[in-house]
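Please look over the model shown here before reading on. My notes are numbered.

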There are 2 protein chains.
Amino acid sequence: MRFVVIGGDAAGMSAASLARRRDSRLEIIVLEQTFDVSYSACGMPYNIADPERSMDDLVVREAKVFRDKLGLDLRLGHRVTAVDPGQKQVTGVNVSGESFTVGYDSLLLATGASPVVPELPGAETDGVQVLKSLEQGRDVKESLIKRAVKRVVIVGMGYIAMEMADVLRARGIAVDMVKPRSRLLPWLDEQLAAEVYQELEKNRVGVYAGHEPKRIERTASGLKCVCPDLELDGEMVLLAVGVKPNSELAAAAGIELGAEGAVAIDGSMRTSHPDVYAAGDCAEARHLVTGRKAWFPLALVANRGGRVAAENVTGGKAVLEGIVGTAVFKVFDLEVARTGITAGDAAEYGFDPVSVTITSQSKAHAHPGSWPILVHMVGDRLSGRLLGAQMVGREGAAHRINALAVALHNKMQVSGFAETDLAYAPPFGPVWDPTLIAARQLLKKMQKDK
Amino acid sequence: MRFVVIGGDAAGMSAASLARRRDSRLEIIVLEQTFDVSYSACGMPYNIADPERSMDDLVVREAKVFRDKLGLDLRLGHRVTAVDPGQKQVTGVNVSGESFTVGYDSLLLATGASPVVPELPGAETDGVQVLKSLEQGRDVKESLIKRAVKRVVIVGMGYIAMEMADVLRARGIAVDMVKPRSRLLPWLDEQLAAEVYQELEKNRVGVYAGHEPKRIERTASGLKCVCPDLELDGEMVLLAVGVKPNSELAAAAGIELGAEGAVAIDGSMRTSHPDVYAAGDCAEARHLVTGRKAWFPLALVANRGGRVAAENVTGGKAVLEGIVGTAVFKVFDLEVARTGITAGDAAEYGFDPVSVTITSQSKAHAHPGSWPILVHMVGDRLSGRLLGAQMVGREGAAHRINALAVALHNKMQVSGFAETDLAYAPPFGPVWDPTLIAARQLLKKMQKDK
């Protein structure tokens, strides 16, 4: 029996490793187009910030370990160009230009996601960078030194853009961010987004939302990002406008695509074709709040999906119930966290959303060194269900979101969450945790509006 | 209609305030034996540490506000000495020595808890302190300055003892802790307790567990706590061996007592007598993990209980489902958190407990500045249910416990919790949150042992 995995990062290597532990005699071949496997992509911005550290620090487990300890047939520099579910084989070309064909009994598509490169004249100019693979990370890091970069223009303002702004400023590099839409972090409640905006301003990041980059030009000293009403200079332009699922191979093979163009899968990670699984950033997931399919290219989802695929490939019966859309990032001293759905999404999905935004504190009344924490919470007027929450603050916004994520997994009522017995001690928050205060306010509003 | 409240802190003032908001015409009398109302008792150790701050900073709302804004009849210095549920009246004596009798339609016992004073010869000596009321807090704080205290002996090693050790060391005061039982924090998993022990040692706190204080003696320079094999000197001895519910009034009135001698109540905060409610540190609560009554004298439980009593007194129908035993404290740089029950408790309550202890990190693989986080988790082999968790670590142990508390409220399976979609970003933890790692390990052990 042969299990072939396309892609050697989070989902792919989780699957290959667990499959080996479940079945010591299974032949496992991993085809990875780059020369990196099993690395912490999310750690790249932080590594880039630190000239003392090698990018290879982000490798969780080296190829050698997978080969020697787990007996995986790990083929690096092997790019798959086609999947043939009828013949149960994949074909491709390796880094030496040689074609290869590999048959499979079970196949896992763990092809990940790619940065979206905007169709911008000059986007291919030397010094214009994207950041997704470890190789691209090395490129950015080397370029910063080689080009003695003093100013970076970041196109896009998502979480990777924010993290990069943070780490570049820590290196003393000037940062300007630019994007066409005027709203910062459009999925975030406006009051919370305003906090993020202030944090960027405080750290002297130029924030140019509502300016559409039209081209990138080379200048005497570097590069210039040109908008109709604005020109931003830098020695580097970083394109961070988002990612898209690498589902082309699947689509070409006639495998169904689902949410946002990701590979359609069920809870067992099976695609529309027998014996073909998909997991990680290339695949969709079921959103437990809406019950619909959604695309959340995040590390934990990828690791889990890979493991579930491996269980099923090796004769188990594993199911991943789904996700609730929990995510967090840090931008300077602020923690920005979310789980569940926004009021806007809720209305689209047929809920009758009610939402509140409250400001509380990170420490108890009269405890020194307290910081504001803003909580936005969304409930459904009709069913009373909690639908989502967002938080911005210091000292614990990141971890506080998890209590709400667990509540969403349990389809809790807002009233039920408001009664939960959460931890209290003065150094860690007020008696009523900010999430409880928000839940009580939301409940009041839901009842009043009824 | 008259609502009488005995006790003017968390439960009492929460009840009185909400009752006023629910019923503007209700006569509300609060009888408080001290001259302090509505203060953050949990903040006392931290306030004591700070000579710049007044103890009155801990007052959340002043008596004047309750009187003027809410129209509460707040009688300070009024000690109730008897409750007569037959006559529906309470009697007592005020600070001027005058007797009083007050009739009620509804009565709330919010009498709190008192420090246990061990029967120790010399416990009444000047310089021997306890810490529960704000008045006692002022005493401790003043004594530290007045006596130019350089060494403190703390009898007891619970969380208040630990918090006091922390804040006294921060003031440069030498601290020795002593208690009869040899196990530090007996409710805490031994591996986690060992971390706490190391943290105390690292901060040069003398930890003498397994030494029974026999008497306190006055010496030339201060006080001496004498054990059979040990003598500890200091200018102050702090007795912090625990608290007990102030349920004597209720007992004398023939009102039923419950868990650990606290006033027995149902979910609506009603006692065994009609129209008599109890809430806060003097009352028991239902533990949602065991389904039995338990006593958890904690601030959030008190605030909630007071509100529920007020809803019911004013014609509403509120019920407090119960608690899951969540608590947290800080000792130096460590956060110590718990929720649910221990493996020992679980066995007593008829569960078939399985537990694991894992060590993880506060930040992602290769992220700088990461600290160990230890997670202990308990599940029931038979039902698969999660029963409890404990955590010791820095940077987020306190807030991480809340996700598990919410899981316990929902009677989640360990397998269910292991699948929750928790937040991940490198500055905040590993891809698999320490709580998820523990849940996976626990699940494995539960399945293997089955």
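The points below cover the contact between two chains and then one residue.

1. This is a predicted model, in which local features need pLDDT of at least 70 and side-chain atom pairs count only at pLDDT 80 or more, while totals for chains, interfaces and linings use all residues. Residues are numbered from 1 along each chain as its sequence is written, chains are lettered from A in the order in which they are written, and side-chain values use heavy atoms, without hydrogens and water.

2. On chain A, 61 residues are in contact with 61 residues of chain B (contact means heavy atoms within 4.5 Å). The two chains, A and B, bury about 5100 Å² between them, with 62% of it on carbon and sulfur atoms; buried area is the accessible area (1.4 Å probe) lost by two parts on being put together, summed over both. Of the area that chain A buries against chain B, 16% comes from His399(A), Asp421(A) and Phe428(A), more than from any other three residues.

3. Between chain A and chain B the count of salt bridges is 0 (a side-chain nitrogen of Lys or Arg within 4 Å of a carboxyl oxygen of Asp or Glu).

4. Ser143(B) lies in helix H4 (residues 134–146) of chain B; helices are DSSP runs (H or I) of at least four residues, numbered from the N terminus. Ser143(B) is buried, at a relative accessible area of 5% (buried means under 20%, with a 1.4 Å probe and protein chains only).

5. Leaving aside residues up to four places away in sequence, Ser143(B) touches Gln129(B), Ala148(B), Val149(B) and Met236(B). Gln129(B) is 14 residues from Ser143(B) in sequence and 9.2 Å from Ser143(B) in space, C-alpha to C-alpha.

Methods
Helix = DSSP H or I, 4+ residues; strand = E, 2+ residues; numbered from the N terminus. Buried < 20%, exposed > 50% of the residue type's maximum accessible area, 1.4 Å probe, protein only.
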